[in-house]
Amino acid sequence: MAALSRAARLTAKPMSEKGLILDRVTIALGGRQLLSITHAIAPGEVLTVMGPSGSGKSTLLAYVGGFLDPAFEGSGAVRVDGRDITLLPAEARHAGLLFQDALLFPHMSVRGNVAFALPPGIGGRATRRALAEEALAGVGLEGFGERDPDTLSGGQKARVALARTLVSAPCMLLLDEPFSRLDAELRQQMRELVFAKAKASGLPVILVTHDEADAQAAGGAVIRIGA
Amino acid sequence: MLIRLGPPVAILLLAGPILAGLAGTVLPAFGYLPALGGTSFSLDAFRQLPAEPGIGRSVMLSLGVGLVATLVSVSVVALFLAGWSGTRTFARVQHLISPLLSVPHAAAAFGLAFLIAPSGMIARLVSPALTGWEQPPDLQIVNDPLGLSLAAGLIVKEIPFLLLVSLAALQQASPASRAALVASLGYGRVAGFLFGTWPAIYRQVRLAVFAVLAFSTSVVDVAAILGPTSPATLSVRLVGWMGDPDLSMRFLASAGAVLQLGVTALALAIWVGVERAAAMSRDMVCEMGTRFRRDGAARMAGLGAMSFAATVVFAGLATLALWSAAGLWQFPEALPREFTLRTWTNVLPRIGGPLGVTLAVAAAATTIAVAVAIFYLARESETGRAGGRGALALIYLPLLVPQASFLFGLQLLFLLAGFNASLPALVLAHLVFVLPYVFLSLSDPWRAYDRRYDAIAAGLGKSRLRALLSIRLPILTRPILVAAAVGFAVSIGQYLPTLLIAGGRLPTITTEAVALASGGNRRVIGVYAFLQMLLPVIGFAIATLVPALLWRRFRALRV
């Protein structure tokens, strides 16, 4: 009895905890286990997952974000601020995603991209425009709202993608090698910007990378898989 | 909800009419058709079939023309790809050929007839200077008894189709690195391609080749325009029996349709043998290690055949246009003495009805086909399961089964249901042929779409439907409209489904044009065939202009 109540307390405790908790998150492909992670990420902190390509590190983000390819088998619980999101559909999880490519929607202006990400119910047209411009200014892209995203430089696109993610009021950031396509100088600037924004907004972050410098810049715990 | 219904609806629309139609053909063939007094099964119709005069020759014509047309089309495409893929000439020829895909078969066939007939354009250009002809010579060039002009008409239309499906496969076969590899081993360009790259391409386009063969062995409209007449090919005779006022001929027609199924199946079996033989001889040559470095002649042959095929179609279409506006035009004058709009003004009042039916059916069938294809593909994206070989074979099914074999039965079922000669029935019959082409056209760009956009949209809290409507469909505007234009063109070109299902009460531009073939009024044929060619062009123009205007501000979508 005593053991049982202690176990109940142990599982109950994280319920009230802030941040992102991975509880025995395991991903397998065709019966072969790719990774198994239990970890708590506090608001504003970064968990870096490192592994060679093909190790399945990106599938962790897919599982947490709710878009794991059905070919993979995933199990384990994901909790955000005490809320179990494991069974929620992707659109209810509010996972801000950044990939290698900025993946700006090519049929919307820069501001259109950001405004599309604003949660519904915030203000009217004018307010949403203003908020989008504000978010762009926050990543150093004041006055870029009208531009066609295809005319931006790589670094500018990456910053629009960041602004788009941040205005959607995410509960966490999932980063899939977001700096690897940028050249060395931009890469360092972008790392600082992303991690500073995450800290300022109190977002737990999972960063998947194969670049040691990313892990150092992130400054948090590092889990190595595969190899 | 709608998205979940995509795959079952697509399967129902493709397989349903074919299976029901085949049943409706096979039962009367074996004597069972209670509406006409056939209440017991018998082999009478099959006993009657061999007694039809010249039936053996009709069968041999269908088989021979189909095999020859397919073999020549595939060879020309293979040789052209082998000699020129990756060159600037290739890109130029490809741009020239692509629009030909949208030309309806009947229009291309009329164009060819207007070119090669004894009083046709070619004879006019060389007469009397080279030939001494002051009168059209008494030669049977069009409708020749061996079916050569029929085969030619099929070849010039199948080459663009096979080239375009091969191009899609070529891009996946990483041709540049393969070409570099075989070149580094010392092989000539043509041999290197045929040994190293073509097998991978052929594997992917095999179903399309089968579709070409099935079509060529069973085609009706092209055969009615260019094919032999005494006897005609099997498919043309079937349709004749089917339209016979003596309703008991339906038993014979149904038995003939079953025979047509057998002829097409036999052609496919022979083709598989041809494939084996070609592969074996390729392997034997490969083992000998000959490099075939001097392949200039083969390259020129490939380019020459390809350009010739395209030129023939273009010249034919130009001749059609000339005739539609020709005043007095005596042999052997190369151009009419005067141009007049009289034929157009005479024909236009009569053409309104058929034109309306053509456009209504094409618009309805295309809209439904695009919607079903999108739902099918959206469902596939959701479940992460691509259809695989089984689904592809199902999509090709309407293109592999001879049209007459299931359309006879389908017509019968519609008649019994009191549904025949109605617009919905006609749309449904067109849909069977439009859906596969729309699907084949849309599936590659759909699958090439970056799935991470969906992940991002979901992360931003957007529902899957919202992501589909706000992100995916806008990004895919151009391929969706191109698929629609393809479907529209396919519907415009449909002859047999329209003839049988509309039962003469809902004529379209295509059925009217083919019906004019025997009359021989070139000016009127010119008007109909020109319109038949024009409508698909308008479809493709819209598919090009709309995205360009809609997305003029966004460079990535302008292409």
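Which side chains meet in a salt bridge at 3.8 Å, N to O? They are those of E146(A) and R553(B), a salt bridge being a side-chain nitrogen of Lys or Arg within 4 Å of a carboxyl oxygen of Asp or Glu. The count between chain B and chain A is 3 salt bridges. On the side of chain B that touches chain A, the elements giving two or more residues are α19 (452-459), α20 (464-475) and α25 (555-558) of chain B, where helices are DSSP runs (H or I, at least four residues) and strands likewise (E, at least two), numbered from the N terminus.

This is a predicted model, in which local features need pLDDT of at least 70 and side-chain atom pairs count only at pLDDT 80 or more, while totals for chains, interfaces and linings use all residues. Residues are numbered from 1 along each chain as its sequence is written, and side-chain values use heavy atoms, without hydrogens and water.

Contact, meaning heavy atoms within 4.5 Å, takes in 25 residues from chain B and 29 residues from chain A. The two chains bury about 2,400 Å² between them, 64% of it on carbon and sulfur atoms; buried area is the accessible area (1.4 Å probe) that two parts lose on being put together, summed over both. R452(B), I456(B) and L460(B) supply 25% of the area that chain B buries against chain A, more than any other three residues.

Turning to chain A, this chain has 7 helices and 9 strands, and its C-alpha trace spans about 65 × 40 × 30 Å along the principal axes. Among contacts in chain A between residues at least 6 apart in sequence, 69% join residues at least 24 apart.

Terms used:
Chains are lettered from A and ligands numbered from 1 in the order in which they are written.
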